[in-house]
Amino acid sequence: MKRPIIISGPCSAETEEQTIVTCTKLAETGKVNILRAGIWKPRTSPASFEGVGELGLIWLATAKRITGLPIAIEVANAEHVHKALQYGVDYVWIGARTTVNPFSVKEIASVLKGTDVKVLIKNPVNPDLSLWAGAIERIAHTRGIENIWLVHRGFSACGYSEYRNVPLWHLIFDIRRQFPETKMICDPSHICGNRENLFKISQIAADLNYDGLMIESHICPDAAWSDARQQITPAELDVILTSLKWRYENINNSIFSYSLSKLRSEIDQIDSDLFELLSRRMRLAEEIGKLKRTNNVSIYQEQRWNNIIERIVSRAKRLNISETFIRTILDAIHSESISRQNEVMNRS
Ligand code: PEP
Ligand code: MN
């Protein structure tokens, strides 16, 4: 399937009409490749709508027959996979709450063995790449890595966040390095938790060379039984998909390549200088550690640290870098300095 792969459909199949009308309208855009619907919903509270179950599979199979598009559902146990196979489901996805559970993943893998159903594995709710990798390996073991796609749906945040699930894009670079052959799909709906940011997140994913998007759509989003705030109508999805730019991963153009490599070599030089300087800074921190040890003075001095932050942050505007960025870098430098001093001071 060619990039961009677009997967869309309601968060949950609710009624026959809602499922079939949403799916046919999505197919009519001509931009959707795979239809999705949640049949059994993993919800935080047992009082929430937990899905219509098998009935939804009948409706989704009808949507497949009408539109000719392949269908995808979420599976969380062996029974779900048996039902998916029975109704001709083409793709199953393992949800974020299931990826964390090796028993469930193993059970799903064993039923999928020998079938040609593709498996999409969402990132686990918590930012733990080894759990995600473990789930991928478990499925790959019985199905082969070529049948696996990954879905980035963001990670639970603690405290305030503008996202329902924070994207933590850098973790995606890491998992892609580990599994370079698997496709990466972004799920902006569950990252955003609202409609307003869907375009922005989708465009970032496109610019980071994702292979496609999974976006929830509903004929009447405000009346949806689950995830109402983040669903959009098929017409709204069409607008987003039309506006998105899927740029090339690379091109064969010598002027472009020359200009790019010139800029990159400058960047490489700056990176070397930066780390050379950081190394000198750490050596000085160790000297300070020795001095403090001899004089029996503690490592952390709040006043000194506040002064450093104030002095550097006050330059943020002139340097044209954000205060948040400066604070993040300073925090990293500070914690490394402290651990180096700690080592020096407590060496026996
Ligand atoms: C979903 O796709 O509807 C869903 C429940 O996703 P997640 O597992 O990412 O929460
Ligand atoms: Mn949902």
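Trainee: In which pocket does ligand 1 sit?
Mentor: Please keep in mind that this is a predicted model. The protein buries 97% of the 290 Å² that ligand 1 exposes when taken alone, and the place where ligand 1 sits is the second largest pocket.

Trainee: How many charged residues are in the shell around ligand 1?
Mentor: The residues around ligand 1 include Arg36, Lys41, Glu74, Arg97, Lys122, Arg153 and Glu216, along with others such as Trp93 and Gly95. Sorted by class, the shell has three nonpolar and two polar residues, while the charged ones number seven.

Trainee: Which residue has a side-chain N or O atom 2.8 Å from an oxygen atom of ligand 1?
Mentor: Several polar contacts have to be told apart here. With Ala96, a polar backbone atom lies 2.9 Å from an oxygen atom of ligand 1, and with His190 a side-chain N or O atom lies 3.4 Å from an oxygen atom of the ligand. The distance of 2.8 Å belongs to the side chain of Lys41.

Trainee: How many residues apart are Cys11 and His190, the pair that links distant parts of the chain?
Mentor: Both are protein donors of the manganese ion, ligand 2, Cys11 through SG and His190 through NE2, and together with Glu216 (OE) and Asp227 (OD) they lie 2.1 to 2.4 Å from the ion. In sequence, the donor residues follow the spacing C-x178-H-x25-E-x10-D. Cys11 is in the loop between strand 1 and helix 1, whereas His190 is in helix 8, and their separation is 179 residues.

Trainee: Which residue has a positive phi although it is not a glycine?
Mentor: The residue to look for lies in the loop between helix 9 (198–207) and strand 8 (212–216). Its phi is about 65 degrees, and the residue is Asn209.

Trainee: Which peptide bond is cis, with omega near -5 degrees?
Mentor: Look at the segment before strand 1, where Pro4 has its place. The cis bond runs from Arg3 to Pro4.

Definitions and conventions:
Residues numbered from 1 in each chain as written. Chains lettered and ligands numbered in written order. Predicted model: local features only at pLDDT ≥ 70, side-chain atom pairs only at ≥ 80, totals over all residues. Heavy atoms only, no water. Near = heavy atom within 4 Å. Polar contact = N/O pair within 3.5 Å; in protein donor to acceptor, adjacent residues only side chain to side chain. Areas by Shrake-Rupley, 256 points an atom, 1.4 Å probe, with all protein chains shown as cover. 1 Å grid on protein atoms, 1.4 Å probe; cavity = no way out; pocket = protein on both sides within 12 Å on 5 of 7 lines; lining within 4 Å. Sits in = over half its atoms within 2 Å of the grid points. Nonpolar A, V, L, I, M, F, W, Y, C, P; charged D, E, K, R; others polar. Donors = N, O, S within 2.8 Å, 3.2 Å for Na, K, Ca; no water. Helix = DSSP H or I, 4+ residues; strand = E, 2+ residues; numbered from the N terminus.
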